Amino acid sequence: MSSFDLKNETEVKEYIDKLGVEYRFGCYSEKKPEVCHLLGDYLEGIRKDFEKAAKVYRSNCDDYNYGKSCLKYGNYTFLGKGRTSEKGDPAKAYAYYEKGCALNDPDACLHSGLLLVSKLMPKEITRDVPKGFELLKKSCEMNNAGACFYLSGMYISGVLKEEYQQQQQQQQQQQAAAVKKVDPAAAPEQRPPGAYVVERNMEKAFEFAYKACELRNMYACANLSQMYAKGDGTARDEKKAEKYKKLALEMQDEVKKQQQLTFQQGLNPT
């Protein structure tokens with residue numbers, strides 16, 4: 001495609017129009033799923049026509065089994081975006097996330113996994129930690145940093161079965177009502193075998209935190225620093241603790257700079 005002058009409004013408009021024509025031809029005439037997804041992105045990002053974008057993403061997922069489009073339509077459905085009604089449909093969104101995951105989209109696996117393991121999700125979703133855990137593992141195996149970090153957190157704290165979670169909540173409420181002081185040095189309450197859906201395992205937590213950090217998850221790097229400092233799940237190593245602390249802080253600075261750049265886009269220099 002020939003170069004054009006970004007400062008020339010007419011040329012920019014022509015370029016954008018041609019881009020739309022190319023994407024429509026590639027999608028509707030050549031029936032290329034990757035181009036259909038680009039058409040959805042074009043309608044969403046450039047034309048701001050969310051209703052048409054949603055239809056393209058849905059069709060590309062349903063008709064061509066394109067995982068990224070399943071993820072996008074799942075997001076639209078969860079938020080109620082691109083529809084006449086603004087009310088979201090979490091159950092339908094989950095179905096599209098799950099399909100996207102089956103088609104090996106790592107972000108779709110992350111979203112479907114989080115919907116199943118979280119206690120804060122809508123009532124339309126039935127919590128299923130073992131299944132959600134496997135979906136997150138699949139996402140992590142496909143190098144999704146967020147999934148690896150979340151799995152690490154699950155192993156750090158362990159995940160109790162529903163009946164034991166309810167017992168724990170009742171005990172905490174009773175302690176709060178009695179203003180009972182808890183000794184921080186006291187041993188944690190022992191649970192019977194089988195009380196956990198995911199057993200606490202600091203070695204596994206370390207493995208997933210390490211992978212998430214390698215994939216540049218800032219929070220995983222911070223946790224990794226603490227693990228090395230305390231010897232949790234790995235041998236104590238002050239040099240490595242400092243190394244990963246420094247790396248986490250560098251990532252934090254990068255995020256702050258990026259936020260500043262985004263905020264200042266379009267401002268005239270003084």
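**Notebook: contacts, rings and backbone**

I began with contacts (heavy atoms within 4.5 Å) and found that, among those in the chain between residues at least 6 apart in sequence, 53% join residues at least 24 apart. I note that this is a predicted model, in which local features need pLDDT of at least 70 and side-chain atom pairs count only at pLDDT 80 or more, while totals for chains, interfaces and linings use all residues. Residues are numbered from 1 along each chain as its sequence is written, and side-chain values use heavy atoms, with hydrogens and water left out.

For the secondary structure I took DSSP runs, numbered from the N terminus, as helices (H or I, at least four residues) and strands (E, at least two). The chain comes to 12 helices and 2 strands, and its elements run α-α-α-α-α-α-α-α-β-α-β-α-α-α from the N terminus on.

Next I looked up the rings, where those of Phe, Tyr and Trp (its six-membered ring) pair if their centres lie within 6.5 Å, with planes under 30 degrees apart counted as stacked, over 60 as edge-to-face and the rest as tilted. The count by this rule comes to 10 aromatic pairs. One of them is edge-to-face, Tyr23 with Tyr42, at 6.0 Å centre to centre and 75 degrees between the planes. Because Tyr23 lies in helix H1 (residues 9-29) and Tyr42 in helix H2 (residues 33-45), the pair ties together parts that are 19 residues apart in sequence. Both Tyr23 and Tyr42 are buried, where buried means under 20% relative accessible area, exposed over 50% and partly exposed in between (1.4 Å probe, protein chains only).

I then turned to Phe149 and Tyr219, a tilted pair at 6.1 Å centre to centre with 40 degrees between the planes. This pair links distant parts of the chain, with Phe149 in helix H8 (residues 145-157) and Tyr219 in helix H11 (residues 218-230), 70 residues apart. Phe149 is partly exposed at 26% relative accessibility, whereas Tyr219 is exposed at 52%. I also recorded a cluster in which ring pairs link Phe206, Tyr210, Tyr228 and Tyr244.

Last, I checked the backbone, bearing in mind that most residues other than glycine have a negative phi. Lys48, in the loop between H2 and helix H3 (50-64), has a positive phi near 60 degrees and is exposed at 54% relative accessibility. Asn104, in the loop between helix H5 (90-102) and helix H6 (106-117), has a positive phi of about 70 degrees and is partly exposed at 48% relative accessibility.
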